[in-house]
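Thanks for coming, everyone. I would like to walk you slowly through one model this morning, so please keep the picture in view while I talk.

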Amino acid sequence: MTFTLHVWRQAGPTAVGGFSTYEATDISGDMSFLEMMDAVNESLIERGELPVAFDHDCREGICGSCSMMINGVAHGPMRATATCQLFMRHFNDGDTIYVEPWRARAFPVIKDLVVDRSAFDRVIAAGGFITAPTGGARDANTILVPKSDADDAMDAAACIGCGACVAACPNGSASLFTGAKIAHLGVLPQGQAERRERVLRMIAQMDEEGFGGCTWHGECHEACPKAISLDVIARMNGDYMRALWTSHEEKQEQGAG
Amino acid sequence: MSTRLDARIPDGPIAEKWDRHKFEMKLVNPANKRKHTVLVVGSGLAGASAAASLAELGYQVKCFCFQDSPRRAHSIAAQGGINAAKNYQNDGDSVYRLFYDTVKGGDFRSREANVYRLAQTSLNIIDQCVAQGVPFAREYGGLLANRSFGGAQVSRTFYARGQTGQQLLLGAYQALERQVGLGRLRMYPRTEMLDLVLVDGRARGIVVRDLVSGAVTSHAADVVVLATGGYGNVFYLSTNAKGSNCTAIWRAYKRGAGFANPCFTQIHPTCIPQSGEHQSKLTLMSESLRNDGRVWVPKQGGDARPPNQIPEADRDYYLERKYPSFGNLSPRDIASRAAKEVCDEGRGVGPGGRGVYLDFADAIKRLGVETIRERYGNLFEMYERITAENPYTVPMRIYPAVHYTMGGLWVDYNLMSTIPGLHVAGEANFSDHGANRLGASALMQGLADGYFVIPYTVGDYIGSTKLERVDESHPAFRDAERGVSERTATLLAIDGKRTVDSFHRELGKVMWDYCGMARNEKGLTYALEKIPEIRAEFWRNVDVPGSAAELNQALEKAGRVADFLELGELICRDALERRESCGAHFREEFQTPDGEALRDDQHFAHVAVWQYRGDTQTPERLQEPLEFDNVHLSQRSYK
């Protein structure tokens with residue numbers, strides 16, 4: 001198959017970007033989208049041009065590195081599929097394909113299709129965890145988790161942190177990402193002690209990073225390679241309201257002895 | 001130099017060694033811990049868990065990864081599960097049995113004391129992970145669920161759907177980010193270690209390249225922990241992530257760290273077969289599928305009928321036939337070789353005849369499609385996405401692929417390499433799996449090392465060593481930085497005709513053809529001539545575009561492939577010198593009459609440790625003798 005690609009090229013964070021047009025020739029339907037990009041890059045290098053920079057790693061749809069807007073859709077046309085798991089058999093021979101980086105204020109472009117998603121790490125650092133220092137954990141089977149709760153937690157925990165939700169959202173909101181972590185930890189009995197602080201801190205950090213608010217477009221769910229449910233956002237909002245209603249004072253710690 | 005290495009295994013009965021050793025370790029006063037800096041390179045299960053645990057203890061920790069976030073380390077892709085000797089199923093499991101299975105599964109080429117400790121700490125790992133909120137699979141009553149895995153006859157594998165590695169890594173990553181948030185740990189993503197710095201014979205820091213700006217800088221420390229994963233990408237096609245590389249451990253090797261058993265590379269039996277020359281990586285289908293899937297090929301070569309039209313009588317369920325007691329759950333090395341054998345006989349299926357069926361028809365009949373969907377739904381989806389075939393109705397096609405490397409930097413019982421102050425954790429070290437790793441044991445080892453071994457042994461090293469103050473102004477750092485910058489400049493200046501990938505593919509093909517599932521003297525000798533030729537052409541004719549002062553992925557790849565081109569040679573040399581078959585290392589010259597691996601315990605019951613002696617000299621082969629006081633040396637049998 002042969003494709004005409006319009007690929008966003010941008011030399012650096014402050015450089016002016018624009019589309020460059022490349023022909024991808026001799027492409028097999030069994031090639032993944034990234035393997036097609038590999039082929040384009042090999043031919044660019046052979047022609048003495050700079051290859052297109054893009055993030056990728058596991059190529060099994062789980063690491064969350066790959067991040068391409070394909071014809072204006074985060075991760076392209078297949079539902080619940082990351083770019084690396086998108087195969088060229090889903091395109092028609094001769095198609096024109098536009099390839100762009102994630103577009104969001106909180107994800108500045110580093111180069112070409114590579115963006116800076118470190119804001120996600122900072123949202124997790126703000127509260128996306130259960131405090132359980134190494135050592136001293138009690139026997140695992142003393143904590144009973146009903147199967148349906150474990151399943152719900154796992155559904156939310158399946159998030160791969162790729163950022164497609166942000167890229168797809170007209171507001172550039174990270175609510176699906178943040179809600180997924182809040183839901184994962186908040187469903188489990190282990191996550192209850194920090195539930196209130198968690199939602200307050202993560203949402204504050206989300207705002208600080210420049211992510212927009214959620215206005216229920218639902219584009220995030222449509223773009224999500226793991227099809228994370230919008231329920232996680234509802235849950236986050238519920239936790240947030242509850243946290244705001246409950247007054248809470250830090251008690252002073254007293255020295256002993 | 002002595003040709004025998006001392007693993008510093010503590011005295012006493014095997015079940016008491018670790019507890020006794022922990023008691024005898026030197027402690028570091030809480031107030032003093034913050035005066036010591038520990039560098040952790042890699043943020044996978046071993047790296048993230050070590051970094052988080054060390055920061056919790058109060059050390060100054062810096063953690064480095066080449067990915068854009070620590071959460072993307074390749075541990076994330078592990079599917080099947082994690083072993084632990086909890087015996088929650090009351091099916092006869094115990095620490096001793098997990099220890100026994102692992103030593104036997106490794107074909108008696110691992111160190112008993114380490115393996116026993118691994119089995120012991122497996123209990124703590126599950127507790128730790130559950131406390132962090134890892135959403136393991138549960139029974140309806142709320143208790144943890146287990147499944148069985150290759151090489152074991154008990155159900156001791158804990159899992160989170162087909163995404164166990166992801167969930168365990170996110171647990172460790174969240175613990176790590178918590179420390180980042182508390183200001184106790186500094187994370188350096190998109191940063192690649194390019195050299196190890198020694199001062200007075202001790203590891204005192206690293207030189208890194210910022211992959212965004214290209215800046216080359218140094219970080220000084222008291223201890224360096226390498227948790228940089230395996231080197232399976234030396235084969236080009238493997239189940240590893242594209243970025244997985246050997247550079248950190250290879251630079252450490254060239255600074256004097258011994259490299260142990262490089263030829264112990266595991267070929268995983270259940271991967272999706274290659275579809276064409278464009279293939280950039282191979283995708284694993286979890287071994288857990290072998291719980292319910294039955295492996296077969298047609299009895300007759302050239303049988304072109306679609307699988308569903310081949311009657312039972314014309315099928316050969318060769319694993320069940322050859323290994324009746326383990327059947328489809330035979331260990332990885334055995335299942336892989338058996339697949340190669342039937343394909344070599346011309347009975348393989350799919351493009352190029354390099355594939356065997358993994359059939360779920362019986363399991364679907366027995367358990368119903370819903371149960372199968374619940375157990376393996378995401379794996380089936382992934383398979384269909386890649387192959388455009390529906391495994392609920394058509395048997396999967398699978399073929400072995402490079403997956404894991406048991407070899408790695410040599411470490412003693414404290415996980416310290418031959419360089420004092422350089423510790424190595426997870427897949428990057430060689431320690432626990434011998435010549436073959438059992439399924440669901442990699443996650444266990446990564447977390448055992450990171451959560452429960454490194455935090456103790458690093459403290460012991462700091463507490464018992466007089467460490468002079470060293471900072472980045474030391475000339476050793478200047479020298480190493482200069483070396484890194486010069487190498488980068490050299491790669492960019494070659495301006496040849498071939499891309500980095502073309503060299504990587506060429507190397508990978510030589511490795512797979514002559515040092516893959518089966519090896520022989522003739523092939524290895526050929527590979528040892530061929531690889532230096534490819535390497536010489538690489539340094540003469542590679543084309544690395546762009547500059548050093550920017551994000552330059554071709555340059556990153558070039559540096560990694562240059563190292564693979566050296567490591568590949570060492571792997572072949574090690575495979576040639578080990579004149580026996582054991583586990584994943586199968587030398588065609590050494591096999592039993594029925595084609596199984598034939599060990600030579602008299603001459604090879606040791607770890608081969610390679611010591612670098614300069615680029616123009618053959619490395620020296622040292623030995624660590626292995627003693628089996630608890631699990632008696634025997635011919636492995638899974639029949």
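Predicted model: local features only at pLDDT ≥ 70, side-chain atom pairs only at ≥ 80, totals over all residues.

Chain B is divided into domain 1, residues 268-403, and domain 2, residues 475-613, where the bounds come from an automatic or database domain assignment. Taken over C-alpha atoms, the centres of domain 1 of chain B and domain 2 of chain B are separated by 30 Å. The contact between them takes five residues from domain 1 of chain B and five residues from domain 2 of chain B, and two residues are in contact if their C-beta atoms, placed from the backbone, lie within 7 Å. On the domain 1 side, helix α9 of chain B, residues 332-344, gives the most, with four residues; helices here are DSSP runs of H or I with at least four residues, strands are runs of E with at least two, and both are numbered from the N terminus.

Residues are numbered from 1 along each chain as its sequence is written, while chains are lettered from A and ligands numbered from 1 in the order in which they are written.

Let us stay in chain B and look at two of its helices. Helix α3 of chain B, residues 45-57, packs against helix α12 of chain B, residues 442-464, at an angle of about 30°, with their axes 8 Å apart; the axes are lines fitted to C-alpha atoms over the stretch in contact, and angles run from 0 to 180 degrees between N-to-C directions. α3(B) and α12(B) are therefore roughly parallel to each other, a term used for angles under 35 degrees. Among the residues making this contact are B:Leu45 and B:Leu57 of α3(B), and B:Tyr451 and B:Val458 of α12(B).

How much of helix α7 of chain B is buried? Seven of the eight residues of α7(B), residues 247-254, are buried, so this helix is largely enclosed by the rest of the structure, where buried requires 20 or more other C-beta atoms, placed from the backbone, within 10 Å of the residue's own. The buried residues include B:Trp250 and B:Arg251, and α7(B) is followed by B:Gly256, whose phi is positive, near 120°.

Finally, the two chains meet in a contact that takes 64 residues from chain A and 62 residues from chain B.

Conventions:
Buried ≥ 20, exposed ≤ 12 C-beta atoms within 10 Å, placed from the backbone. Parallel < 35°, antiparallel > 145°, perpendicular 65-115°, else oblique.
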